[in-house]
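Here is a friendly walk through one model, from the whole chain down to single residues. Please keep the viewer open as you read.

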Amino acid sequence: MSEDGSSPGGSGAPDGGPESAFRNRAMRMLIGLSRASGTERLLISGSALLLSVAIGFLLVLAAGRMTSCGSASFSLLGVGFCYDPFVVFDRLFLGAFGDLAANPLNGQFATTLAETTVLLFTGLAVAVAFKAGIFNIGGQGQLVVGALATALAVLPASSFVSGVAGTLVLVPFGLLVGAAAGGLFGAIPGALKAYADANEVITTIMLNFVATSVALYLVQNHFKDPDSFATQTVALPGHATFPSLVFPARADVSLVALAFALTLAAAMAYLLARTAFGYDLRTSGLQPEAAEYGGVDARRTVVASMTLSGALAGIGGAVYVLMILGNFQVGVPDYGFDGITVSILAGNNPLGVIPAALLFGVLKSGSIVVDVGTDVPPELVGVLRGLIVLFVAMPEFFRMAGRYAGLDEPDEGAVATDGGESG
């Protein structure tokens, strides 16, 4: 784009009118976002977070004025409000950690870590696919398939080994089963895109419904626990699940699983940045034509990236079964869909997925505290959560849009590196 805002291939005549000026300012803003450094993006996200809290503050006040209550919980300039916004946001953010000073191993903090752990896997799954230029919206279905396969495979295997040895064998076995099931399920839309030119957004969305419906049928009609009224499989024995180690067993969280998720995030960052496969995957996502010209097999890369993405989501399902539930139950939470926003917030950076997943874990856990500890309706809590996610993720979404539109090209005189990325 030229300095006067005209298009590179245009006539060069200056545009006139307020509409053209607005368009040029918007384009310059998009270019700035696409070229923002890591520090600048962090500051933008922090500012967006503060802005979302400020708007949420006003929403809580407005809702408090429209609600009838016996006595005001908060007053401002002589006006009473039924809801105290300071209490709401305190519970939403700090409540997710519980009382760490009194009990560092409290249940609320355990819930936050458990949510963060599963979101790490789904965020990584989406990030890998996005890096390859593929929009994997099917993480939820891949997670469900991985979770069900893990529960069905580990249960019979648990009768052959027991004790600590059983844990050392069965937990890795369950993770491998979840990865294989999720990977195979993810390879389906990958193959359809590579060899039939099917839109992966449509196929992955529809396969989500296929996964949940098939899982419901299998559990309800073939694998249901006969001693339970709930639609769930038979519970796994204790030695077939993740050891809690530090936290109490009832906390449903394992630092081993969290450590594994963090290690996998580092491994994915290394894979994408330092290996030939990662280079092929990234170049296919950024410049498919150039990648083909350079000898990259685009079809094979599409299938491989979707298989890897599905495997990561499948591992998330395995962790959900082996750490949180101890069996498979229908109605799996929307971890796969949350992983999409986690990945966008992280800029599709595997290491950036870590703080993004933690933010989501805090919001999901803190929402429970607000629901239980205040009179604020759950619908308003959902609005506040959505507002925070929207404001924090949108700058990164526009940055991604600018990158895919080719607006992050290096400035004149910049040195290009093989497979390198700015910011």
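What percentage of the 423 residues of the chain count as buried?

## The chain as a whole

The share that counts as buried is 48% of the 423 residues, where buried means under 20% relative accessible area, exposed means over 50% and partly exposed lies in between (1.4 Å probe, protein chains only). The chain has 14 helices and 2 strands; these are DSSP runs numbered from the N terminus, with helices being H or I of at least four residues and strands E of at least two. Among the contacts with a separation of 6 or more, 75% join residues 24 or more positions apart, a contact being heavy atoms within 4.5 Å.

A word on the ground rules: this is a predicted model, in which local features need pLDDT of at least 70 and side-chain atom pairs count only at pLDDT 80 or more, while totals for chains, interfaces and linings use all residues. Residues are numbered from 1 along each chain as its sequence is written, and side-chain values use heavy atoms, with hydrogens and water left out.

## Where α12 meets α13

Let us look at a pair of helices. The axes of α12 (residues 335-345) and α13 (residues 353-373) come within 9 Å of each other and cross at roughly 130°. Axes here are lines fitted to C-alpha atoms, for helices over the stretch in contact, and angles run from 0 to 180 degrees between N-to-C directions. The two helices are therefore oblique to each other: angles under 35 degrees count as roughly parallel, over 145 as roughly antiparallel, 65 to 115 as roughly perpendicular, and the rest as oblique.

Which residues make the contact? From α12 come Tyr335, Asp338, Thr341, Val342 and Leu345, and from α13 come Val353, Ala356, Ala357, Leu359, Phe360 and Lys364. Sorted by class, this contact has 8 nonpolar, 1 polar and 2 charged residues (Ala, Val, Leu, Ile, Met, Phe, Trp, Tyr, Cys and Pro count as nonpolar, Asp, Glu, Lys and Arg as charged, and the others, Gly among them, as polar).

## Aromatic pairs

The whole structure holds 7 aromatic pairs. Rings of Phe, Tyr and Trp (its six-membered ring) pair if their centres lie within 6.5 Å; planes under 30 degrees apart count as stacked, over 60 as edge-to-face and the rest as tilted. One of the pairs is phenylalanine 89 with phenylalanine 93, stacked because the ring centres are 6.4 Å apart and the planes are at 15°. These two residues sit 4 residues apart in helix α3 (residues 85-93), so about one helical turn separates them. Phenylalanine 89 counts as buried, at 10% relative accessibility.

Phenylalanine 121 and phenylalanine 260 form a tilted pair, 5.9 Å centre to centre with 40° between the planes. Phenylalanine 121 lies in helix α4 (residues 107-131) and phenylalanine 260 in helix α8 (residues 255-274), so this pair ties together parts 139 residues apart in sequence. Phenylalanine 121 is buried at 0% relative accessibility, whereas phenylalanine 260 is partly exposed at 30%. Phe97, Phe109 and Phe247 form one aromatic cluster.

Threonine 112 is in helix α4 and counts as buried, at 0% relative accessibility. Leaving aside neighbours within four places in sequence, threonine 112 is in contact with Ala96, Gly361, Val362 and Ser365.

Glycine 278, in helix α9 (residues 276-286), is likewise buried at 0% relative accessibility. Its C-alpha atom is 9.1 Å from that of lysine 131, 147 residues away along the chain.
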